[in-house]
Amino acid sequence: MEPFFVAFPLHYGNLTSVFRHADNDASHGSSLIAHRTIFAALFLLFSAYSAYVYTAGTKALNAEPMNDRARHGQQLFQRNNCTACHQIYGLGGYMGPDLTNVISRRGRAYASAFLAAGTQRMPNFHFKQAEISALLAYLDFVDATGTYPPTNYHISWLGTVSQADDPR
Ligand code: HEC
């Protein structure tokens, strides 16, 4: 961030003298040189901006890749249409609560009890124990990808958004 701000006035100084030169001098050759200088300066700024955005600007969470059990859980989640009533990252039906962070907020035992027995408002799917642990593995996986809803986020001067207090 710092060198970018420091460098900009220097480029700007060069650019103004280039503009003045181009206005006063009618000769085609030197205005072509001026245009090239402006283009080169803009290209350099664009390159520096791109390099920043694609490196420092993107910091992914260290989520584990999805393992086989979690993948099985994802299939069960889709086949039984859990999203008819539940959301992940706010997307889905609104009869039940959002499940993005149900494991870290409520715990595996709590989630497991809902899957094993249902409630008055959530159906009992009569899952086998292996299916329950697959669904828990999937919910674990989702939980590790981030926090929903984001509570404390930071907008940088470039316009990139990061989450300041993600516990993971
Ligand atoms: C017909 C709607 C419906 C479907 C389908 C459904 N649920 Fe639910 N679920 C609910 C409701 C409503 C609650 C809240 C129940 C309560 O408090 O009595 C709930 C609660 C839960 C909870 C506890 C969440 C919390 O924060 O308290 C979990 C975990 C859960 N469901 C997982 C699932 C999974 C996994 C599936 C798919 C296999 C599923 N549900 C399918 C309606 C549904």
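This is a short tour of a predicted model, one selection at a time.

**Whole chain**

Start with the protein chain in cartoon view. It has six helices and four strands. Trace the elements from the N terminus: they run α-α-α-β-β-α-α-α-β-β. Now colour by burial. Of the 168 residues, 14% count as buried. Turn to contacts between residues at least 6 apart in sequence: 54% of them join residues at least 24 apart.

**Helix H6**

Select residues 129–144, which form helix H6. How far apart are its end C-alpha atoms? They are 23 Å apart. At 1.5 Å a residue, the 16 residues should span 22 Å, so the two values agree.

Next, pick out the buried residues of H6. They are Ile132, Ala134, Leu135, Leu136, Ala137, Tyr138, Leu139, Asp140, Phe141, Val142 and Asp143. Two aspartates, Asp140 and Asp143, are in that list. What covers these buried residues? The cover includes helix H3 (68–79), strand S1 (87–88), helix H4 (102–106) and helix H5 (108–117).

**H3 against H6**

Show side chains at the contact. From H3, select Arg69, Ala70, His72, Gly73, Gln74, Leu76 and Phe77. From H6, select Glu131, Ser133, Ala134, Leu135, Ala137, Tyr138, Asp140 and Phe141. By class, this contact has eight nonpolar, four polar and three charged residues. Several H6 residues here are also buried, among them Ala134, Leu135 and Tyr138.

**The loop between H4 and H5**

Move to Gly107, in the loop between H4 and H5. Is Gly107 buried or exposed? Gly107 is exposed, because 11 other C-beta atoms lie within 10 Å, and a residue with 12 or fewer counts as exposed.

**The ligand**

Finish at the ligand. Which residues are closest to the ligand? Cys82, Cys85, Gly96, Thr119 and Met122 are the closest of the 22 residues that surround it. Highlight H4 and H5: each supplies at least two residues of the shell. H5 gives the most, with three residues. Colour the shell by class to see 15 nonpolar, five polar and two charged residues.

Key. Residues are numbered from 1 along each chain as its sequence is written. This is a predicted model: local features need pLDDT of at least 70, side-chain atom pairs count only at pLDDT 80 or more; totals for chains, interfaces and linings use all residues. The expected span of a helix is 1.5 Å times one less than its number of residues. A residue is buried if 20 or more other C-beta atoms lie within 10 Å of its own, exposed if 12 or fewer, and partly exposed in between; C-beta atoms are placed from the backbone. Two residues are in contact if their C-beta atoms, placed from the backbone, lie within 7 Å. A residue is near a molecule or strand if its C-beta atom, placed from the backbone, lies within 6 Å of it. Ala, Val, Leu, Ile, Met, Phe, Trp, Tyr, Cys and Pro count as nonpolar, Asp, Glu, Lys and Arg as charged, and the others, Gly among them, as polar.
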